[in-house]
Amino acid sequence: MKPLAYLMRPLKFEDIFGQDHLVGENGIIKKMIDNHSLFSFILYGNPGCGKTTIAQATANISGYSWHKFNASTDNKDALKQIINASRFEENSIIIVDEIHRMKKDIQDFLLPYVEEGTLIMIGLTTVNPYHAVNPAIRSRCHIYRLNDLTDKALRQVLDRAYKLAGNNKIIDEEVYNYLIKSSNQEIRTLINNFETLINTSSDHITLDDAVNCIQKKDVNMDKNGDNYFDVLSGLQKSIRGSDVDASLHYLAKLIIADDLQSLCRRLIAIAYEDVSLANPGIGPRVMAACDAARELGNPEARLPLATIVVEMALSPKSNSAMLAVDKALQDIEDGKGGMLPQHLKNISSFDPNQGSYKYPHDYPNAWVYQQYLPDNLVGTKYYIPKPTSKNELSLYNRYMEIEKMVKEEMNKKNNQ
């Protein structure tokens, strides 16, 4: 008997929930199909939100021949076979899973076929392609983000699963709520848990049946209706706010949820987003604590995690590095990149007005005045120090010292 998740794989857009901006009545991918104008695109979003489903449904509905390629496990020979097959097909789609892991030599081999239209590429990734996918690939694709699935969308999935399961069992409403809250917003998890439940329960399924079946304490089934991602958010905001007791409370809820992967990922993000330069040693220590937690597993994982959460909560805080890089990224996305000054390139300039690169270590204080930013960004400030700790105070002092030297050199230049 085929698994329910297999039977539920949508063959049409109407059976895909929560992504109307892409496949709904006015969705951009649906319009591509309706107008017979399918272009290469990349889908990105959290695990289990429907990237593969949309890609395969698009391929099926289009009527084109299609092939799958996993950038993490498949090699160039597999890609060559796909390309050779596509030569004999009028229209071909290649679905590239984990596209952010595609090796450069494979990218270089694939690109001409995408560019000339031999293959229409649909890339899938869980990470932001603007940061993780090679620009050469990215520039040839439209990029679409999938929404995290709402409780309403997940309930629609369960209603469809109930119909396809082909039984008339009575299911209490709180069972549906429990299944949704236990799914971590992942459709596969939701369907698998539902299938196991209906195949192992009596004709009347209660909340006790569901808890018994899933065998997982649910941090979300409390009177406030908190969901898993809300608890992760609560942990981060409590650490950011230096409330050590609230931080430990949310940590405890997340430990009970028994998802070390998501928890550790969030702690690493907090280390570099909220503590960062105020305590630069925190990043490696968080990594070490997370490695220890994964090695130990629960219940012992609570020991290194509690230790590092206490330290993070009570540490000085700074988000200056995040604000700086976000501002720089925004400039790039707004088209303000500009060209490197000639003396920063790895080629010699024959233009006497361009000058040559000055090696800072050959000068006092390992600093010399020269232009580093592109011409159209000269004077732009991204990093604004937050002297909330001894470490960033020292960075602040060095920053101000360099600013003073820059002004002195500019005054000299202007007076010449």
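The model is predicted. The buried residues of helix α16 are covered by elements that include α15 (260-275) and α17 (302-314).

**Helix α16**

Helix α16 comprises 15 residues, 282-296. The buried residues of α16 are Ile282, Gly283, Val286, Ala289, Cys290 and Ala293. Because these residues cover an arc of only 125° around the axis, they are on the same side of α16. On the face turned away from that buried side, α16 carries the exposed residues Pro284 and Glu295. After the helix comes Gly297, with a positive phi near 70°.

| Side of α16 | Residues |
|---|---|
| Buried side | Ile282, Gly283, Val286, Ala289, Cys290, Ala293 |
| Face turned away from the buried side | Pro284, Glu295 |

**Loop residue Ser72**

Ser72 belongs to the loop between β2 (65-70) and α5 (76-86). Is Ser72 buried, exposed or partly exposed? Its relative accessible area is 40%. Buried means under 20% and exposed means over 50%, with partly exposed in between; Ser72 is therefore partly exposed.

When neighbours within four places in sequence are left aside, Ser72 is in contact with Glu98 and Arg101. Ser72 and Lys103 are separated by 31 residues in sequence, and their C-alpha atoms are 8.6 Å apart in space.

Conventions: Residues numbered from 1 in each chain as written. Predicted model: local features only at pLDDT ≥ 70, side-chain atom pairs only at ≥ 80, totals over all residues. Heavy atoms only, no water. Helix = DSSP H or I, 4+ residues; strand = E, 2+ residues; numbered from the N terminus. Expected span 1.5 Å × (residues − 1). Buried < 20%, exposed > 50% of the residue type's maximum accessible area, 1.4 Å probe, protein only. Arc of directions from axis to C-beta. Contact = heavy atoms within 4.5 Å.
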